[in-house]
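Work through the exercises below with the sequence and the structure at hand. Each task is followed by a solution in steps.

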Amino acid sequence: MAARIEPLLTVADLDACPDDNNRYELIEGELFVSRAPGLPHQFVVQNLQIAFVDYLRGNPIGKVVPAAGAIFSDYDAVIPDLAFVRNERWDQVVTGEKFTGALDLVVEVVSAGAENRRRDLLVKRQLYGKYGVEEYWIVDPENRLVEVYRLRDDRMESVATLRNSDEITSPLLPGLRLSVSSIFNL
């Protein structure tokens with residue numbers, strides 16, 4: 001008996017998913033469904049967004065956007081927790097109401113559960129590397145750490161694992177110094 005191959009889902013299929021408070025993402029045609037994030041997750045996202053907005057007020061080099069759709073292909077559509085795009089690249093990255101090109105920086109806050117961890121730590125990291133995202137921060141509330149990856153030869157390469165009083169810096173955000181402990185201050 002031959003193995004049955006599941007058909008790949010497309011962005012059009014994703015658009016047909018119900019609006020039921022779940023988050024639907026598509027990576028290489030595979031559907032990932034997660035529940036709406038809980039309050040601790042959202043507080044961490046809020047702390048990060050406030051830090052970005054404060055930084056960008058004094059350094060207006062780009063825009064940070066929470067939970068906006070990013071469509072990279074007919075088979076790849078995700079919803080990053082935070083996305084940063086430099087001003088000079090905005091028109092190259094945005095089409096209509098969605099991101100459609102390589103973001104400069106993506107931040108994902110890991111939600112509880114093995115499937116969510118696999119999606120954020122491995123699958124999305126590979127996806128962002130494939131589509132040329134320059135930097136990826138994985139914020140892990142459970143372990144109270146931030147992993148920083150940067151694009152090298154179409155792959156996301158680990159450059160730092162930061163904890164406690166360590167500070168997050170980025171060549172994309174000159175002068176930003178963000179204490180890891182401040183992110184987890186709920």
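**Exercise 1.** In the hairpin of β11 and β12, find the residue that takes a positive phi.

Solution. The model is a predicted one. Start at the turn: 2 residues lie between the strands of this hairpin. Asp153 has a positive phi, near 55°. Next, follow the strands themselves: β11 pairs with β12 (residues 155-163) in the antiparallel sense, over 8 bridges.

**Exercise 2.** Determine which elements each supply at least two residues of the largest nonpolar core, and which of them gives the most.

Solution. The largest nonpolar core has 26 residues. Begin with the residues that have the most contacts inside this core: Leu48, Phe52, Trp137, Val139, Leu173 and Ile183. Then list the elements with at least two core residues each: the helices α2 (39-58) and α5 (180-183), and the strands β6 (82-86), β9 (105-109), β10 (135-140) and β11 (145-152). The most comes from α2, with 7 residues. Finally, another core of 21 residues lies apart from this one, and Ile27, Phe32, Val93 and Ile138 are among its members.

Technical notes
Residues are numbered from 1 along each chain as its sequence is written. This is a predicted model: local features need pLDDT of at least 70, side-chain atom pairs count only at pLDDT 80 or more; totals for chains, interfaces and linings use all residues. Side-chain values use heavy atoms; hydrogens and water are left out. A nonpolar core is a set of buried Ala, Val, Leu, Ile, Met, Phe, Trp, Tyr and Cys residues joined through side-chain atoms within 4.5 Å. Buried means under 20% relative accessible area, exposed over 50%, partly exposed in between (1.4 Å probe, protein chains only). Helices (H or I, at least four residues) and strands (E, at least two) are DSSP runs, numbered from the N terminus. Two strands pair if DSSP finds at least two bridges between them.
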